[in-house]
Amino acid sequence: MAPHKPFSQACENNKQPILERIRQTFTGPGTILEIGTGTGQHAVHFASAMPYLVWQPSDRPGASSHCLGWIEDSTLTNICPPVELDAASADWPVERIDGAYSANTAHIMAWNEVESMFAGLARRMHTGMPFCLYGPFSYGGAHTSDSNRLFDRHLRAQAPHMGIRDMDDLLGLAAQAGFRLESDHGMPANNRLLVWRKL
Ligand SMILES: C[S@@+](CC[C@H](N)C(=O)[O-])C[C@H]1O[C@@H](n2cnc3c(N)ncnc32)[C@H](O)[C@@H]1O
């Protein structure tokens with residue numbers, strides 16, 4: 001039986017623009033931990049386009065197997081089996097990583113989970129290693145579009161712990177965790193690609 005492959009149209013739309021950005025950051029061999037992999041469409045697209053990387057997908061317990069269909073179907077040898085990783089937990093099942101990637105997770109996680117994600121990465125990354133974080137963000141409390149404002153309202157109505165994160169808050173959190181913002185790229189559909197570097 002063909003493996004089940006959950007499909008996200010947003011992933012199909014954004015995977016190539018994201019790839020064009022992150023391949024300028026993930027330039028050499030190494031293991032990239034993806035947090036909140038979801039369907040696996042990003043993992044397969046990026047691992048296929050950057051064969052010098054080892055891609056390590058992960059997601060919360062209960063969600064980490066969602067990407068299996070895409071990964072198995074791809075037959076790529078540079079994607080590891082997904083691991084169960086809750087950013088909120090101190091106990092991550094990964095040892096050595098050379099960089100990290102996460103898309104559309106910061107507005108789904110509670111703020112303390114976003115803090116834990118940065119803290120967990122900081123514990124496993126050496127100076128100069130990159131963390132690419134993709135998604136919608138606000139600046140100085142202002143949304144970058146009406147659609148993001150509506151999306152934020154929708155998220156908070158669904159669950160008060162969710163919501164689009166503000167760059168001022170992220171900059172403070174990241175500095176405390178030991179990351180600096182290297183670059184902030186505008187992306188289609190009012191999203192951003194933030195490149196953080198471990199200090
Ligand atoms: C909106 S989906 C994004 C999925 C995929 N990265 C994408 O861009 O389509 C949010 C993802 O974050 C994951 N997630 C939420 N809270 C998490 C946590 N505490 N630790 C790890 N992953 C988490 C969810 O399970 C889900 O896969």
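I counted the elements to start: the protein has 6 helices and 10 strands. I kept in mind that this is a predicted model.

**Overall size.** I looked up the radius of gyration and found 16 Å. A compact globule of 199 residues would come near 16 Å, so the value agrees. I then took the box along the principal axes. The C-alpha atoms fill roughly 45 × 35 × 30 Å.

**The sheet.** I traced an open sheet of 6 strands. I read its order as β2-β1-β5-β6-β10-β9, with mixed pairing. Which strands stand at the edges? I found β2 (53–56) and β9 (179–187) there. Each has a single partner strand, so one side of each is left without a neighbour in the sheet.

I followed β9 to its partner. It pairs with β10 (residues 191–198) in the antiparallel sense, and I noted 8 bridges. In this pair I located F179 opposite K198 in β10.

**α1 against α2.** I took helix α1 (residues 9–22) and helix α2 (residues 41–49) next. Their axes lie 10 Å apart and the packing angle is about 40°. The crossing of α1 past α2 is right-handed.

Which residues of α2 does α1 meet? I listed Q41, H42, H45, F46 and A49. From the α1 side I listed C11, E12, N14, K15, Q16, I18, L19 and I22. I sorted this contact by class and got 6 nonpolar, 5 polar and 2 charged residues.

**α4 against α6.** I turned to helix α4 (residues 111–124) and helix α6 (residues 167–177). Their axes come within 9 Å and cross at roughly 35°. I noted a right-handed crossing here too, with α4 passing α6.

I wrote down the contact residues. W111, V114, E115, F118, A119 and A122 in α4 meet D169, L170, L173, A174 and A177 in α6. How many of them are nonpolar, polar or charged? I sorted them into 9 nonpolar, no polar and 2 charged residues.

Conventions:
Residues are numbered from 1 along each chain as its sequence is written. This is a predicted model: local features need pLDDT of at least 70, side-chain atom pairs count only at pLDDT 80 or more; totals for chains, interfaces and linings use all residues. Side-chain values use heavy atoms; hydrogens and water are left out. Axes are lines fitted to C-alpha atoms, for helices over the stretch in contact, and angles run from 0 to 180 degrees between N-to-C directions. Helices (H or I, at least four residues) and strands (E, at least two) are DSSP runs, numbered from the N terminus. A crossing is left-handed if the near helix is turned anticlockwise from the far one by less than a right angle, and right-handed if clockwise. Contact means heavy atoms within 4.5 Å. Ala, Val, Leu, Ile, Met, Phe, Trp, Tyr, Cys and Pro count as nonpolar, Asp, Glu, Lys and Arg as charged, and the others, Gly among them, as polar. Two strands pair if DSSP finds at least two bridges between them. The radius of gyration is taken over C-alpha atoms; the globule rule is 2.2 Å times the number of residues to the power 0.38.
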